[in-house]
Amino acid sequence: MKMSKALVRVYRGPLTESIHRIHLAVVNSKGSLLHEAGDPFLRTFARSTAKLIQALPVLESGAAAHFGLSQAEIALCCASHNGEAQHADLAQSILAKIGLSHTHLQCGVHEPYHTPTAQEMRRRGIQPTSLHNNCSGKHSGMLTLAAYLQAPVDTYMDVNHPVQKFMLEAVSDLSDVSQEEMILGTDGCGVPVFGMTIDRLAVAFARLGQPDGLAAERASACRQIIDSVRKNPECLAGDDRFDTQLIRATQGRIVGKMGAEGVFALTIPIEGIGFAVKVEDGNQRALYPAVVEALHQLSLLSAAEVAALAEFHTPVQRNWQGTEVGRIEPDFSL
């Protein structure tokens, strides 16, 4: 098979200073490959793109309803959030509903991604906690499922814990990758992470958005996830982040999720389409230009939507004085 080459170029003045190679797969919910660039069968870890799928057992088990999780809290379970006050408060609210606290989160501690929030916390002498970790929503969701199952909460990250087994099963089901074939690693927040080909990740997102062929409970959970994220896009990432802005720019028509090391997956439910991108060298700066350009070329974004996402499509490069010195531009044709 001849693979079409997809690049994202980083310019400094007139010169291409760096090049990032892109791999892409667009599929329908039946698994048919509709469009491709680079190697659509490249194996990679789904990283945080899998969070929307990992949240499914929290809903389909009845745990979310039992503990009264709101749509905003469900959206946070899918998030790689900024660590802003609204995000930390939602994670704390989930934990309070299940009778636990942030001390039960095992995701680790880092400063908020949101620079103004981190600066204000430092100014006031407030130390970050695990609530500010970008994965605190996912981990709160895992603890919610553990509490509902009456399973141990201190070992919820273990690959053999019932929570992780349910999540592996969900990812396997949607992607059509058997549990035996799934490549497991450890994510940045300590839980199992799933390795598969890019086209299989795209299939999982196609079915997440159009789940008609799935079991009734799973299909209902998929629809609840999509609805919760559409109605609370700021909970998925933050006002300054691409995941949130993509949902807003398309009025919820497209729902997507980033992952570390240059991975992005999205669903267009009304089209029954799933879409996955991997930046070969893992550099995040090339990811959003590639996603916007591919959607634009496939006529999946209107001109107004492309304009609304312009800062992500062709980002300006500035030096420490704030002077524009270059740009990042996609260079490929699908």
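In the predicted model, strands β8 and β9 (residues 273-279) are paired in the antiparallel sense over six bridges. The two strands form a hairpin with four residues between them, and Gly272 in this turn adopts a positive phi of about 65°. Within the pairing, Thr267 lies opposite Gly274 of β9.

Strand β8 (residues 263-268) also pairs with β7 (residues 255-259), again in the antiparallel sense, here over five bridges. On this side Thr267 has Val255 as the residue standing opposite. β7 and β8 likewise form a hairpin, with three residues between them, and Glu261 in the turn shows a positive phi of about 65°.

Strand β8 is mostly covered, six of its six residues being buried. In a regular strand, side chains alternate between the two faces of the sheet. In β8, Val263, Ala265 and Thr267 point one way, whereas Phe264, Leu266 and Ile268 point the other way, and all are buried.

Among the helices, α5 (residues 85-97) and α7 (residues 136-149) pack at an angle of about 10°, with their axes 9 Å apart. Because angles under 35 degrees count as roughly parallel, α5 is described as roughly parallel to α7. Ala91, Ile94 and Leu95 of α5 make the contact with Ser136, Ser140, Leu143 and Thr144 of α7. By class, this contact comprises four nonpolar, three polar and no charged residues.

The loop between α6 (115-123) and α7 contains His132. This residue, His132, has a relative accessible area of 11% and is therefore buried. Leaving aside residues up to four places away in sequence, His132 touches His81, Gly83, Ala88, His110, Pro112 and Met121.

Technical notes: Residues are numbered from 1 along each chain as its sequence is written. This is a predicted model: local features need pLDDT of at least 70, side-chain atom pairs count only at pLDDT 80 or more; totals for chains, interfaces and linings use all residues. Side-chain values use heavy atoms; hydrogens and water are left out. Axes are lines fitted to C-alpha atoms, for helices over the stretch in contact, and angles run from 0 to 180 degrees between N-to-C directions. Angles under 35 degrees count as roughly parallel, over 145 as roughly antiparallel, 65 to 115 as roughly perpendicular and the rest as oblique. Contact means heavy atoms within 4.5 Å. Ala, Val, Leu, Ile, Met, Phe, Trp, Tyr, Cys and Pro count as nonpolar, Asp, Glu, Lys and Arg as charged, and the others, Gly among them, as polar. Buried means under 20% relative accessible area, exposed over 50%, partly exposed in between (1.4 Å probe, protein chains only). Two strands pair if DSSP finds at least two bridges between them.
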